[in-house]
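Thanks for coming. I will go through one structure today, starting with the ligand and then turning to a pair of helices.

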Amino acid sequence: MPTFNFPWQRTAAGANLLSPSGQLGVTIFEEITSLAAQHGAINLGQGFPDTDGPAPFKDRAAEGITGNLNQYAPGGGIPALRTAIAEHQKRFYGITVDPDTEVVVTTGATEAIAASILAFIQAGDEVITFEPFYDSYGATIGLAGGIHRTVALNAPSFQPNIAELRAAFNPRTKMIVLNNPHNPTGAVFDREVLAEIVALATEHDCLILSDEVYEHLTFGVAHTPIASLPGAWQRTLTLSSVGKTFSFTGWKVGWASGPAELVAAVRTVKQFLSYSSGSAFQPVVAEALGSPTEFFAGFAKDLAHRSEVLATGLEAAGMTVYRPRGTYFIVADVAPLGFTSALDLARKMPASIGVAGIPLSVFCHAEGAQKTRTLMRFAFCKKLEVLTEAAERLSHLTAKIGI
Ligand code: PMP
Ligand code: GLN
């Protein structure tokens with residue numbers, strides 16, 4: 001990769017948005033969503049639900065705005081929300097968190113990711129992520145001047161190879177970023193994988209940043225926060241947000257929890273990124289986190305059904321499908337249809353067949369992009385009739401788009 005001098009260039013390069021000649025691109029989410037809008041296509045690209053979360057929560061947020069919740073919230077988040085986050089960690093995972101010192105509210109998980117990486121990574125430090133990786137990890141590692149090392153997740157299981165994971169650690173490793181459940185593959189990591197990560201992080205004295213925004217969206221498998229494993233807590237920052245669990249991706253309320261000294265560092269950086277945000281939303285998010293357990297289980301069950309409807313449709317269209325164990329996403333291989341580049345196909349699909357998807361290669365460095373070149377990610381957090389219609393359109397893929 002060429003050397004880029006300015007922080008913004010390193011940020012863009014880290015997320016694969018700079019060509020070798022320095023040409024700046026937009027994120028794949030923006031590109032595909034805009035193509036989908038332009039052609040009126042069904043957008044199974046960007047991961048957002050086409051049905052908002054529960055109406056009473058929306059009403060409460062609206063009341064906050066028409067009422068008096070329009071000035072700054074405290075920098076670390078309102079006490080009610082920090083308490084609700086602590087209670088949530090206790091209720092679902094048995095993790096005890098001090099709401100005053102071990103939780104910080106952020107502007108979505110995105111700000112928590114940036115603040116955590118910027119708080120701890122210096123120029124030349126190595127950060128490990130799995131690959132494919134969510135774009136903001138690469139971007140903020142680049143912004144911090146860190147070196148991004150990846151460990152491949154390969155089909156069909158998308159679990160990492162432990163020997164490769166071990167080989168990625170070295171004396172310069174300062175952090176491993178884990179995303180579990182994993183976007184874009186839909187993998188939920190086995191407990192042995194999590195235990196190995198804790199062991200390696202301990203051996204190399206590095207931090208674990210665990211992005212768990214899909215924590216409640218698992219299908220037939222329980223979510224295990226890595227922070228709950230023996231020896232993990234003291235070196236782990238756990239992140240989540242309201243967006244995915246409650247179908248309010250635009251609210252951008254997220255949080256980080258972990259030991260007080262790590263959270264203090266994240267809060268220090270975070271207060272100069274946004275200071276605070278979401279005053280009208282924070283009380284509602286607190287309330288949402290206290291929802292009955294059936295709410296969480298019901299949403300996951302409903303999503304699992306949608307996933308299966310789309311999986312069946314993609315298979316009927318001739319793709320090889322890797323069924324997810326969690327998230328909003330399903331990965332399908334378009335190679336059996338004769339296509340050799342999911343990236344080219346994704347750029348043509350909105351106009352040609354009226355469906356949008358995201359190629360996996362954009363979440364990878366060069367070698368990984370080559371390996372994943374025929375894989376496409378489809379979001380199934382959409383209405384059933386929309387998924388059925390998308391599958392029907394996809395069944396005409398080869399007829400409409402020449403190979
Ligand atoms: N991490 C992952 C893995 C994601 O898929 C997303 C997208 N929602 C985010 C973080 C960002 O979350 P937020 O919208 O809360 O900033
Ligand atoms: N997290 C969502 C996805 O992976 C949206 C990300 C974005 O638009 N930045 O599709």
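In this predicted model, the side chain of asparagine 183 has an N or O atom 2.8 Å from an oxygen atom of ligand 1. That is a polar contact, meaning a pair of N or O atoms within 3.5 Å. Aspartate 211 places a polar side-chain atom 2.5 Å from a nitrogen atom of ligand 1. For lysine 252, a polar side-chain atom is 2.7 Å from an oxygen atom of the ligand. Around ligand 1 there are 14 residues, and Thr110, Asp211, Tyr214, Lys244 and Lys252 come nearest; a residue counts as near if one of its heavy atoms lies within 4 Å.

A word on conventions. Residues are numbered from 1 along each chain as its sequence is written, and chains are lettered from A and ligands numbered from 1 in the order in which they are written.

Now the helices, which are DSSP runs (H or I, at least four residues) numbered from the N terminus. Helix H2, residues 28-39, packs with helix H13, residues 342-352, at about 25 degrees, and their axes are 7 Å apart. The axes are lines fitted to C-alpha atoms over the stretch in contact, with angles from 0 to 180 degrees between N-to-C directions. So H2 is roughly parallel to H13, the word for angles under 35 degrees. Where they touch (heavy atoms within 4.5 Å), the H2 residues include Ile28 and Leu35, and the H13 residues include Leu343 and Pro350.

Terms used:
This is a predicted model: local features need pLDDT of at least 70, side-chain atom pairs count only at pLDDT 80 or more; totals for chains, interfaces and linings use all residues. Side-chain values use heavy atoms; hydrogens and water are left out. Helices (H or I, at least four residues) and strands (E, at least two) are DSSP runs, numbered from the N terminus. Angles under 35 degrees count as roughly parallel, over 145 as roughly antiparallel, 65 to 115 as roughly perpendicular and the rest as oblique. A polar contact is a pair of N or O atoms within 3.5 Å; within protein, one must be able to donate a hydrogen and the other to accept it, and residues adjacent in sequence count only if both atoms are side-chain atoms.
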